[in-house]
Amino acid sequence: MTDWSSRVQEISGVNPRKCMKCGKCTAACPAYDQMEYHPHQFVDMVQTGRVEELMASKGIYTCLSCFACVERCPRNVQPSSIIEAVRLAVIRRQGGNHRKPDEIPALLNEELPQQAITSALRKYSKGG
Amino acid sequence: MQRSVIETAASLLETGVCTRVLGWKTGEFFYDVTPAVFTSAEEVRKDMVFTPFCGANLSKYLIAESRKEGKIAVFLKPCDTFSFVQLQKEHRICRENVYAVGVQCPGMSDPDALKALGLKGLTGCVQEGDTLRVDTLYGEKAVPLADALSLRCRGCKSKRLHDCDAIIGTQGKDLQTSRFAQVEALEAMTAEERFAFWRKELSKCIRCNACRNVCPACSCETCVFDNPDSGVQNKAAASSFEENLFHIIRAFHVAGRCTDCGECTRVCPQHIPLHLLNRKLIKDMNTLYGVYQAGADFETKPPMLAFTLEDPEASIITQGRNGQ
Amino acid sequence: MQVNETFTPTIVAFCCNWCSYAGADLSGTNRLQYPANVKIIRIPCSCRLNPMFILRAFQRGADGVILCGCHPGDCHYTTGNYYARRRMTLLFSLLDFLGIERERTRVEWVSAAEGAKFAATMNDFTETITRLGPNRRLEDLRCKEV
Amino acid sequence: MQRIGVFVCWCGSNIAATVDVEKVARVLSQEPGVVYSTDYQYMCSQAGQEMIQEAIREHRLTGVVICSCSPRMHEATFRKTVEKAGLNPYLLEIANIREHCSWIHKDKLTATEKAVILGRAAIAKVQLNAPLTAGKSPVTKRALVIGGGIAGIQTALDIAEAGFPVDIVEKKPTIGGKMTQIDKTFPTLDCAACILTPKMVDAAQNENIDILSYAQVEKIQGFVGNFTVTIRKKARYVDENKCTGCGLCTEKCPQKKIPNEFNLGLDNRRAIYIPFAQAVPKVATIDPNHCAMLQKGKCGVCAKVCTAGAIDYKQQDQLITREYGAIVAATGFEPISMDKFDEFAYSQSPDVVTSLEFERLMNAAGPTGGTLLRPSDGTHPHTLVFVQCVGSRCDGGEKGKSYCSKICCMYTAKHAMLTREKYPDTEVYVFYIDVRTPGKSFDEFYRRAVEEYGVHYIKGMVGKVTPQDGKLKVQASDLLGGRQLHIDADMVILAAAIEPDKSARPLATMLTASMDTNDFFTEAHPKLRPVESPTAGVFLSGACQGPKDIPETVAQASAAAAKVIGLLVKDSLTCNPCTAQPDELMCNGCSSCEKVCPYGAITYADKPFRGPNRTTRIRRVAQVNPAVCQGCGACTVACPSGAMDLLGFSNKQIMAEVDAICR
């Protein structure tokens with residue numbers, strides 16, 4: 001049985017306990033209406049160990065990786081990194097990447113942040 | 001030069017400008033020159049010399065001599081005058097009791113350098129311009145002065161005579177030399193190589209204290225190593241460690257006060273290049289805290305007794321080199 | 001340099017009374033751990049540290065010596081740490097010149113509020129010294145070559 | 001032969017849980033010179049102290065080592081203890097086996113071993129301790145208060161009331177500080193000016209108080225009881241003694257477009273100005289950067305209209321040097337800059353204001369005469385959004401401050417309440433992370449805002465403010481409602497974090513007083529000495545020590561005054577006996593020590609010494625003034641001959657500790 005909560009913390013490098021539950025991430029989120037759970041809830045759910053629910057949620061693919069939450073967070077918690085880690089956890093559980101490594105370079109744009117690239121790859125090819 | 005030095009000394013005594021003269025006389029061999037105090041013109045004319053082997057820096061003797069009754073005349077080469085000024089800066093010399101005669105210096109020779117050139121049975125020597133005429137048991141030989149110079153004179157930093165009442169010869173200038181070349185060569189080595197170098201050199205030390213006793217900066221009333229109350233007294237080293245302690249602490253105690261006169265290396269019977277330790281500190285202080293020459297003036301604060309807010313951190317010595 | 005698995009170095013930390021000793025106290029108050037090899041000696045100010053004390057520590061078997069003082073500008077005595085900075089820089093440089101591992105000595109500025117920094121510094125320094133192994137070079141410097 | 005007693009403290013379980021105290025006492029009893037060794041639950045308790053005293057008498061101890069908490073905690077306590085038992089207080093050493101041992105180690109074996117070594121070091125040191133007697137230094141009976149806000153005023157008034165002269169140095173043209181800009185005060189809602197201005201007048205009229213306004217401290221020398229301070233009184237180009245404060249000049253000055261600092265730039269003032277009507281001293285000041293006469297040599301209107309002839313364009317800065325026995329730092333706070341908080345559109349819309357600006361907009365003497373109007377178009381706002389914790393409680397430091405600014409919750413509640421009271425047609429939202437209202441009548445005040453005044457308190461944060469069509473589009477989260485809110489607001493008010501005044505850092509450097517990483521002054525002890533700086537003779541008043549509201553500031557100001565009075569009533573102070581001492585026989589007279597001494601405690605004297613053969617030698621030797629020497633030890637290392645040593649921390653003592661630790 002994998003402890004997904006600590007896996008997510010490990011993958012993201014984020015300590016959700018730093019969160020002081022101010023909700024500024026959620027206030028800044030442009031995709032709020034499309035999400036089942038919201039940035040502050042991601043953080044809370046990872047902290048309280050409700051990662052399975054989060055992994056089952058479609059909401060994690062709605063996150064745009066726009067980094068507004070990261071930028072605004074006064075505690076440097078980085079909700080979008082947590083979301084990305086949850087997406088990664090989903091992939092790891094399924095046991096495989098959805099694109100072959102040699103397909104990737106052609107799709108890259110150097111201007112894009114690394115996380116946006118990888119999260120896009122995961123989001124749009126989740127069907128495999 | 002020899003004649004004018006002796007005549008000046010004699011006339012200073014005859015005219016009563018001073019009651020004693022601090023100069024040089026020969027010892028067992030002609031090249032074995034030793035400091036001496038003369039009290040009459042006769043003595044001066046009989047014994048006093050000024051030869052290419054008068055390396056001894058006379059300034060240190062003024063600490064005691066200038067406190068005695070009556071005025072003393074002293075003969076100082078340019079590098080000696082730095083020590084003279086530095087000691088005055090430290091309030092060690094009663095300047096009013098001293099008549100300082102600056103003697104311009106072509107560079108002092110080293111008997112070992114002559115021996116190294118293959119000369120044997122030395123009996124006398126005269127300097128003529130750039131040439132040294134050496135009398136030996138096997139006849140007279142001419143040697144270029146540059147080849148006979150002692151190590152420290154090859155990197156002479158200045159021919160300027162400081163704070164003199166009279167000058168024999170002409171006033172000189174500061175020189176641009178590469179006196180830090182050997183320090184730089186050592187710095188360029190790896191830590192292991194440096195360690196090996198110093199292990200080879202320092203293991204020769206017999207702890208005779210000659211370096212300390214000749215050094216104008218090592219002129220403490222009581223040296224910490226002689227003081228039973230200091231907690232570090234060691235007249236003879238009790239362990240191999242204490243030799244290192246002695247040389248490191250000595251270098252540190254004279255940091256910022258050492259004029260780089262080179263006496264320590266000159267007198268070392270084991271030929272340990274002790275001046276390199278001092279030069280390393282001088283070089284560090286010059287690069288880190290701005291160029292400073294001890295004894296060049298009366299005003300500038302020595303770097304060890306000053307600071308700036310922007311001084312580099314101690315970690316600077318590890319910067320710019322790969323960790324090894 | 002041989003690295004001994006069971007080697008536990010002896011480390012002497014000289015701490016100025018006003019900032020770094022208080023910083024060390026704070027790391028205790030906050031229960032921040034650092035190795036027991038580190039023993040602290042209280043001095044009034046970093047400028048009280050005579051290079052002789054450092055050499056003495058090495059002589060008696062210390063493997064590393066660290067000086068902690070107030071941050072530049074914060075010295076309780078206004079200027080003490082500025083002098084200490086120059087002295088230690090030159091001493092460390094001289095030791096380095098003699099080929100002694102320069103990582104064995106360190107200066108770190110630790111304020112009374114930096115308990116965490118104190119503990120982190122001591123952890124890091126102990127790790128460095130453990131990696132270096134026992135201090136032999138100062139002793140060996142005088143030994144004849146074989 | 002030394003007879004040393006060793007006392008190992010359990011500190012309850014603080015030490016005993018991780019250190020085998022009995023073993024430590026047993027092992028240390030074997031050390032040379034130790035004749036008595038024991039352990040006890042609480043050495044610092046009455047019983048523990050009596051035990052030490054009894055052992056000193058019974059075993060005729062010549063030295064005492066106490067293995068306990070940090071000497072910074074109880075060294076003074078135990079020194080008194082041993083002194084009462086007839087032992088010189090400096091024959092005591094403390095081994096710190098709590099902060100430096102039991103609290104940082106978990107393994108009992110390791111901790112015990114370390115405690116033994118620390119004990120040995122202390123024993124080795126105490127073997128070499130010498131009895132020391134403290135000297136005396138006089139106290140100048142005058143205090144300096146730096147900063148003329150409510151903290152400085154209160155401190156000065158209390159000191160003056162006790163009969164000691166006190167000077168207030170204020171960098172602005174008037175005293176009063178931030179409180180002058182505040183409209184009403186929580187939780188009583190009385191007007192700030194009504195309670196502050198009488199105090200300002202009291203300060204001005206008190207004959208023991210000298211107000212140096214428009215002045216700054218330039219240089220501080222000396223030490224507790226004997227400070228010498230140089231103060232720069234900036235030229236205000238108006239003779240303070242002649243100016244009557246009639247204000248005619250401030251009406252006639254043709255330079256009209258200068259942002260008024262007092263109203264935070266919400267309106268303008270002239271080049272010659274009086275900050276506000278109740279200013280103390282009420283004299284005009286010329287702003288040299290905007291005055292046409294001083295800049296271009298043309299104008300002179302103020303001089304022409306001034307009937308008192310007070311204008312003096314040739315006035316120069318004046319340097320005043322005075323002696324003080326005590327110094328109080330009361331430099332106060334500033335709201336932080338909003339530059340780094342683009343999301344709230346502070347720089348894009350004048351209708352986004354800080355709370356201090358909002359105070360001015362609500363104040364009857366403010367730019368709008370007390371009517372709340374939008375700065376952009378002067379219309380009456382209907383929807384107001386307050387954002388709390390702007391720049392407070394931030395991690396990482398670069399953008400904001402890590403601490404809670406403490407006062408924002410209460411003043412925001414006050415603003416919301418006053419807005420609703422004056423303008424019932426408004427909708428007021430307050431976005432909060434937590435509402436923190438510890439304080440007398442504070443939570444009741446906040447609840448009143450919610451329950452009686454109908455302020456909408458929403459748990460959540462504003463994420464974005466966008467100015468659009470004269471409105472401010474506010475996007476925020478409502479965490480309890482589980483929704484994202486979009487509010488069309490007329491004004492947004494930011495509760496900006498507060499930080500120490502910029503002048504505090506250079507002042508701390510001059511005072512050699514320590515500061516924390518946020519530039520707040522550090523107190524000597526966070527609980528037991530909260531109004532003193534660790535630097536003797538320097539005291540802390542108000543928000544320069546940490547965020548505070550007015551009642552707390554006044555309380556601390558009076559506490560600091562009490563401490564100052566306690567110092568100034570003394571005729572002399574006991575000096576630290578751990579001072580430098582030269583061994584004249586070894587001194588070279590080289591002046592190295594004199595050059596590094598930060599206190600000028602070292603002088604030289606020519607003294608006769610016995611030379612060889614019954615001669616006398618005159619030698620120049622160093623002399624230390626023990627009243628001036630603070631015992632830093634810089635001279636001891638500068639001395640090449642090792643003639644200079646430090647009592648209490650001698651070369652031999654420190655080396656004995658080194659030996660004990662490394663053995």
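Helix α12 of chain D, residues 355-362, is mostly covered in this predicted model. Seven of its eight residues are buried, a label that requires 20 or more other C-beta atoms within 10 Å of a residue's own, with C-beta atoms placed from the backbone. Helices here are DSSP runs of H or I with at least four residues, strands are runs of E with at least two, and both are numbered from the N terminus. The buried set in α12(D) consists of S355(D), E357(D), F358(D), E359(D), R360(D), L361(D) and M362(D). These residues pack against β20 (352-354), α13 (408-422) and β27 (491-496) of chain D.

Residues are numbered from 1 along each chain as its sequence is written, and chains are lettered from A in the order in which they are written, with ligands numbered from 1 likewise. Local features need pLDDT of at least 70, side-chain atom pairs count only at pLDDT 80 or more, and totals for chains, interfaces and linings use all residues.

In chain A, R87(A) sits in helix α6 (residues 79-94). R87(A) counts as buried because it has 23 C-beta neighbours inside 10 Å. Its C-alpha atom lies 6.8 Å from that of I60(A), 27 residues away along the chain.

Chains B and C also meet. In chain B, 37 residues are in contact with 34 residues of chain C; contact means C-beta atoms, placed from the backbone, within 7 Å. On the chain B side, α9 (191-202), α11 (240-253) and α13 (275-289) each give two or more residues. Helix α11(B) gives the most, with nine residues.

Conventions: A residue is buried if 20 or more other C-beta atoms lie within 10 Å of its own, exposed if 12 or fewer, and partly exposed in between; C-beta atoms are placed from the backbone. Two residues are in contact if their C-beta atoms, placed from the backbone, lie within 7 Å.
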